[in-house]
Amino acid sequence: MDSPHDPYLRVRGAREHNLQAVDVDIPRDVLVAFTGVSGSGKSSLAFGTIYAEAQRRYFESVAPYARRLIHQVGAPQVGEITGLPPAVSLEQRRSTPSSRSSVGTVTTLSNSLRMLFSRTGDYPPGAERLDSDSFSPNTAAGACPGCHGLGLVHRTTEQSLVPDPALSIRQGAIAAWPGAWQGKNLRDVLEALGYDVDRPWRELDAADREWILFTDEQPVVTVHPVREAGRIHRPYQGKYMSARRHVMKTFADSRSQTLRARAERFLESAPCGVCGGSRLRPEAMAVTVAGRTIAELAALPLAELADLLASAAGDATAEVLTGDLVARIEVVRELGLGYLSLDRTTPTLSAGELQRLRLATQLRSGLFGVVYVLDEPSAGLHPADTEALLTVLDRLRAAGNSVFVVEHHLDVMRRADWLVDVGPLAGEHGGRVLHSGPVAGLAEVPESRTRRFLFDRGPAPVRTVRTPAGHLKIGPVTRHNLQDVSVDLPLGVLTAVTGVSGSGKSTLMNCVDEELPGAGRLVRVDQKPIGRTPRSNLATYTGLFDVVRKVFASTAEARARGYGVGRFSFNVKGGRCETCQGEGAVTVELLFLPSTYTPCPDCKGARYNPQTLEVHHRGHSIADVLALTVEAAAEFFADTPPVLRSLRTLLDVGLGYLRLGQPATELSGGEAQRIKLAGELQRVRRGHTLYVLDEPTTGLHPADVEVLMRQLNGLVDAGHSVVVVEHDMDVVAGADWVVDLGPGGGDQGGHVVATGTPAEVAAVADSRTAHYLAARLQS
């Protein structure tokens with residue numbers, strides 16, 4: 001079995017997360033699809049076990065000093081794994097990249113373009129050659145001194161800081177000031193400095209207004225607060241800070257996303273006056289290739305850039321550099337991303353686009369004998385783009401690599417050489433390998449939830465299309481690649497917005513707001529994380545935990561001890577374990593090794609102190625309740641209606657497998673979106689609500705898509721409107737109305753290609769979606 005010629009990767013006794021002592025043999029050098037419903041354990045097997053063990057073995061060979069510089073995953077819970085090659089992981093990380101990160105930096109294409117300008121560019125007469133760093137806005141040598149290489153300058157104006165000049169300072173004229181005591185303090189300091197805080201802002205002297213808003217001085221004065229009955233106020237030393245200084249300081253230094261977002265509302269961004277938005281020094285902007293500056297080339301769609309470079313004349317060095325650039329861009333084009341430009345910033349990309357860019361980089365790396373583990377590479381892809389993706393995966397495999405994909409897309413499953421189906425259900429009802437073998441073999445596994453969709457699919461059910469209750473007029477919109485686009489969205493129905501990646505779907509939906517006549521209340525349900533720290537979890541986000549804490553505070557034991565609701569919070573002193581401050585884990589700093597998280601030695605991960613854990617509700621402590629899955633908690637709280645209502649909505653969107661205390665940082669984008677949807681579903685809704693969902697089926701097994709569609713149709717039946725940006729043809733076929741954008745991505749998109757019922761759009765010849773929609777309606 002340990003023979004070097006054994007063609008199988010063999011896993012024995014895998015117990016990571018919900019895996020139930022899994023034994024599985026998987027062939028190498030083939031395309032393997034890991035399938036199963038959301039939460040079944042397929043990612044725990046592919047990423048949590050196989051990739052994590054490959055990482056661990058690699059790090060053992062690295063010098064301890066170097067190890068601390070690399071983010072490491074922990075050792076997986078597995079008996080043994082044999083036949084495991086080195087692994088590369090391409091996950092859909094939803095991190096928050098900086099605005100300096102771009103398509104060019106992710107793909108490293110910017111490096112090659114800078115080298116081309118440095119070595120072969122046309123320089124002004126007498127100018128000396130610049131090294132490649134001088135063409136980067138992210139280096140001191142290249143960054144424009146005016147904006148430090150950002151291309152924009154943020155500034156405040158009197159209009160942005162004081163939106164209503166009819167108000168006095170006491171009435172809140174300076175909207176940019178902080179709220180509560182801090183804002184009152186600044187007002188009192190101003191009054192102590194002799195300024196009139198009761199006159200309307202517009203009547204104040206211009207010089208005074210200028211000083212109050214923009215001064216860099218920070219005078220300190222004695223403030224004598226106004227006496228209030230029953231309260232003693234002592235004089236104190238108050239320091240003044242201008243509104244501009246407060247906004248800039250908050251925007252630059254605050255670690256709170258909410259405070260930074262608030263500060264940003266009072267900032268106006270404008271192109272840098274020094275570089276005109278190019279982000280570079282004048283010396284770099286004076287150099288051209290094919291008659292264009294590096295900033296102009298970086299702004300072109302990649303498809304156009306490749307064509308321009310391919311036709312540009314040059315010497316032997318230029319030919320080598322342009323040849324390499326064009327070949328590398330070609331891979332990105334193959335993956336359907338030719339509409340992106342090198343200067344497009346990473347935060348504006350979808351998770352699917354970012355993963356495909358990383359995949360393009362790997363394709364050119366020429367590695368051999370590696371296991372690539374990919375997390376839903378088809379997520380966010382139109383069916384037309386999925387075909388290009390499959391071609392690329394085939395090329396990776398043909399180059400002598402093993403390609404493991406965690407996937408829900410049926411076309412990717414059908415193309416696989418080997419299929420590992422995990423299930424049958426989610427959480428503790430899953431975690432078993434139901435099938436490991438050629439795809440056709442899954443047809444003999446009746447327990448599999450995947451089998452029905454892969455082999456027993458009929459045509460999409462014939463349904464009566466609902467009649468709209470009215471229309472919402474959007475546009476005309478001219479933004480990104482949308483040129484003067486207008487759309488009438490029907491209300492009171494389920495609308496699907498379709499089109500290839502980059503066709504303008506999300507841009508169009510971002511123009512929908514509550515100000516539009518007929519919109520009513522607007523609810524956007526996106527895939528952004530529900531929290532940035534482990535302290536935020538499923539129970540706290542949904543408000544469920546507030547009710548659970550009240551249940552514990554009302555037990556006889558808690559009342560006898562005088563414990564209130566706050567005692568059962570792990571975020572405040574009193575009931576939490578102070579060793580880990582309620583986090584359940586402590587950071588261990590190791591000399592020359594990376595710092596690691598280990599369960600707290602005192603509470604053993606329970607988050608609470610022993611006295612709090614002595615209070616029980618039906619034999620469970622508060623920590624035991626946080627460890628329950630949503631499904632188990634629904635049984636446990638069956639007679640507590642407020643808790644049960646929240647749990648039912650989570651079950652309704654297919655999240656019964658998640659633990660109540662599951663940290664927000666462990667949730668996928670799709671799970672975060674469904675938690676937000678569940679939060680909306682449990683609200684008592686009055687009046688019309690317009691729900692806008694961006695690719696809600698991302699990360700969902702076809703069985704879970706059915707569950708989600710029942711919920712969305714339930715909202716429409718209750719008199720609301722639902723708009724989904726979607727690539728899943730099951731969802732599109734089940735919609736009442738379709739708006740198809742395109743025909744292509746980027747400059748080739750931005751037009752409304754077709755609108756109508758699914759059957760009508762399926763018959764439109766110019767639509768890239770029509771062919772796939774027609775196939776789904778008929779298959």
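The model is predicted. It contains 30 helices and 23 strands.

**Overall dimensions**
- The radius of gyration of the protein is 29 Å, close to the 28 Å that the globule rule gives for 779 residues, so the protein is as compact as a globular protein of that length.
- Taken along the principal axes, the box filled by the C-alpha atoms is roughly 90 × 85 × 65 Å.

**Burial and contacts**
- Of the 779 residues, 53% count as buried.
- Among contacts between residues at least 6 apart in sequence, 66% join residues that are at least 24 apart.

**A six-stranded sheet**
- Strands of a sheet pair through backbone hydrogen bonds, in either a parallel or an antiparallel manner.
- Six strands make up an open sheet with mixed pairing, and their order is β5-β10-β11-β3-β12-β13.
- The edges are β5 (87-90) and β13 (432-437); each has a single partner strand, so one side of each is left without a neighbour in the sheet.
- From one strand to the next, the twist averages 15 degrees.
- Within this sheet, β3 (residues 31-35) pairs with β12 (residues 418-423) in the parallel sense, over four bridges.
- W418 in β12 is the bridge partner of V32.

**Helices on the sheet**
- Helix α1 (residues 42-60) packs on the sheet and touches β3, β5, β10 (371-375), β11 (402-406), β12 and β13.
- The direction of α1 makes about 135 degrees with that of β5.
- Helix α15 (residues 383-398) also packs on the sheet, where it touches β3, β10 and β11.
- The direction of α15 makes about 145 degrees with that of β11.

**Cysteines**
- The structure has zero disulfides.
- C275 has a relative accessibility of 14%, so C275 counts as buried, the cut-off for buried being under 20%.

Technical notes
Residues numbered from 1 in each chain as written. Predicted model: local features only at pLDDT ≥ 70, side-chain atom pairs only at ≥ 80, totals over all residues. Heavy atoms only, no water. Pairing = 2+ DSSP bridges. Helix = DSSP H or I, 4+ residues; strand = E, 2+ residues; numbered from the N terminus. Axes fitted to C-alpha atoms, helices over the stretch in contact; angles between N-to-C directions. Contact = heavy atoms within 4.5 Å. Disulfide = S-S within 2.5 Å. Buried < 20%, exposed > 50% of the residue type's maximum accessible area, 1.4 Å probe, protein only. Rg over C-alpha atoms; globule rule 2.2 N^0.38 Å.
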